[in-house]
Amino acid sequence: MTSIQKPPVRHPSLQQNALGLTKRDYEGAMSTLCAGCGHDSVTAALVQAFWELDIPPHRAAKLSGIGCSSKTTAYFMRHSHGFNAVHGRMPAVATGANAANKNLVYIGISGDGDSLSIGLGQFCHAIRRNVNLLYVLENNGVYGLTKGQFSASADIGSKSKGGEANVQPPIDPVLLALTLGATFVARSFSGDKAQLVPILKAGLRHQGFGLIDIISPCVTFNDHEASTKSYRFTREHQAEMTAVDFVPLRREITTDSEEHGTVSVTMHDDTVVRLRKVADDYDPTDRDAAYAHIRALQQKKEIATGLLYIDSSANDMHAVNRTVDRPLVEIPFEELCPGNAALSELMEEFR
């Protein structure tokens, strides 16, 4: 069982958006993730973002693969379209769905295991095609669903709960996306809702592939001392918030944003993560500068957060392939497949 139904109870004075819907209308089933899991904080931010953008739930499509992160789609917008794909294959399913009906708002939820290991090839080609999709990568550096093995984003020297140290270099999804030509790249922390919600809203409105890498600590298998994906480590190495009070074990950890500077975030295991937000004079339209900025902070063991790169002029998949304005799903079969005579006439033009 991945979820249980929420009771349909709402207060009559709940605030409504332009569609007359409350935030309760954008919620899904009750989460069965571990108490304090960063993924549930991401869910809350997604609910807030979709509600504030006045997006009709039935005009959105949620897609996911396999893993703890992929359960997230069950926990928001229960009236939306949804598809849970095979491990690592979500980008291909999202590409096909978007090709058939470009009028829906697409969001893919994945994790570091789902995207950076078995699904790495599909992740890369979704970026290359510039599929109009917001790709949310809930990054905790561990295979939480299968009890704590290192994922491809685990840092060198990070130790498992059993004390084993990781010796393989990590794949940074943000640097990878910049290298492959992604047109929207951002990073945030699950506990920083004030920063995460605006980034999600910007990503949902972006025309093309948008990646948001979200550091989302695993409280069960990767929130101990010596973990570099724990709450505490992230807060110590983030780069753009304020000091945070101690948060008791298995409670949601949040931070308050502060203009520029570094914020140290104490995790459940007392490790600290340091987060740094981009400055006012940061240029998110310079791809090379964005890459250099991220690498420079990595050398200082800090995690760059915020909108890191955006290119609003790039053509998305439909523009590149010159598809018709009408969604393919609405075109009758007879028009999509006009028969052999029409094909023969077309082939004559190339002879």
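Biologist: Leaving aside neighbours within four places in sequence, which residues is Leu46 in contact with?

Modeller: In this predicted model, Leu46 touches Thr72, Phe76, Ile107, Ile109 and Leu200, once neighbours within four places in sequence are left aside.

Biologist: Where is Leu46 found? And is it buried or exposed?

Modeller: Leu46 is part of helix 1, residues 38-52. Its relative accessibility is 0% and the cut-off for buried is under 20%, so Leu46 counts as buried.

Biologist: How far apart are Leu46 and Val197, in sequence and in space?

Modeller: The two are 151 residues apart in sequence, and their C-alpha atoms are 7.1 Å apart in space.

Biologist: Let's step back to the whole chain. How many helices and strands are there?

Modeller: The chain has 11 helices and 14 strands. It has 351 residues, and 50% of them count as buried.

Biologist: What share of the contacts comes from residues 24 or more positions apart?

Modeller: Such pairs make up 70% of the contacts with a separation of 6 or more.

Biologist: And the surface, what does it come to?

Modeller: The accessible surface is about 16200 Å², and carbon and sulfur atoms account for 54% of that.

Biologist: Now strand 14. How many of its residues are buried?

Modeller: Six of its eight residues are buried, so strand 14 is largely enclosed by the rest of the structure.

Biologist: Which way do strand 9 and strand 14 pair, parallel or antiparallel?

Modeller: Strands 9 and 14 are antiparallel, with four bridges between them. Within that pairing, Arg187 sits opposite Gly306 of strand 14.

Biologist: What about strand 13 and strand 14, how do they run?

Modeller: Strand 13, residues 272-277, runs parallel to strand 14, and three bridges join them. Arg276 has Ala304 in strand 14 as its bridge partner.

Biologist: Back to Arg187. Is it buried or exposed?

Modeller: Arg187 lies in strand 9, residues 184-189. Its relative accessible area is 6%, under the 20% cut-off, so Arg187 is buried.

Biologist: Which side chain does the Arg187 side chain join in a polar contact?

Modeller: That of Asp213, at 2.8 Å. Beyond its neighbours within four places in sequence, Arg187 is also in contact with residues including Asp172, Gln195, Ile294 and Leu308.

Biologist: Where is Lys301, and is it buried or exposed?

Modeller: Lys301 is in the loop between helix 8 (287-299) and strand 14 (303-310). At 58% relative accessibility, Lys301 counts as exposed.

Biologist: And what is the phi of Arg322?

Modeller: Arg322, also not a glycine, has a positive phi of about 50°. Its place is the loop between helix 9 (317-321) and helix 10 (333-336). Arg322 counts as exposed, with a relative accessibility of 77%.

Biologist: One last thing, helix 2 and helix 4. At roughly what angle do their axes cross?

Modeller: Roughly 30°, and the axes of helix 2 (residues 90-100) and helix 4 (residues 120-129) come within 8 Å.

Biologist: Which residues make the contact?

Modeller: Helix 2 contributes Pro91, Ala92 and Thr95, while helix 4 contributes Gln122, Phe123, Ala126 and Arg129. By class, four are nonpolar, two polar and one charged.

Note on methods:
Residues are numbered from 1 along each chain as its sequence is written. This is a predicted model: local features need pLDDT of at least 70, side-chain atom pairs count only at pLDDT 80 or more; totals for chains, interfaces and linings use all residues. Side-chain values use heavy atoms; hydrogens and water are left out. Axes are lines fitted to C-alpha atoms, for helices over the stretch in contact, and angles run from 0 to 180 degrees between N-to-C directions. Helices (H or I, at least four residues) and strands (E, at least two) are DSSP runs, numbered from the N terminus. Contact means heavy atoms within 4.5 Å. Ala, Val, Leu, Ile, Met, Phe, Trp, Tyr, Cys and Pro count as nonpolar, Asp, Glu, Lys and Arg as charged, and the others, Gly among them, as polar. Buried means under 20% relative accessible area, exposed over 50%, partly exposed in between (1.4 Å probe, protein chains only). A polar contact is a pair of N or O atoms within 3.5 Å; within protein, one must be able to donate a hydrogen and the other to accept it, and residues adjacent in sequence count only if both atoms are side-chain atoms. Accessible areas come from the Shrake-Rupley method with a 1.4 Å probe; for residues, only the protein chains shown count as cover. Two strands pair if DSSP finds at least two bridges between them.
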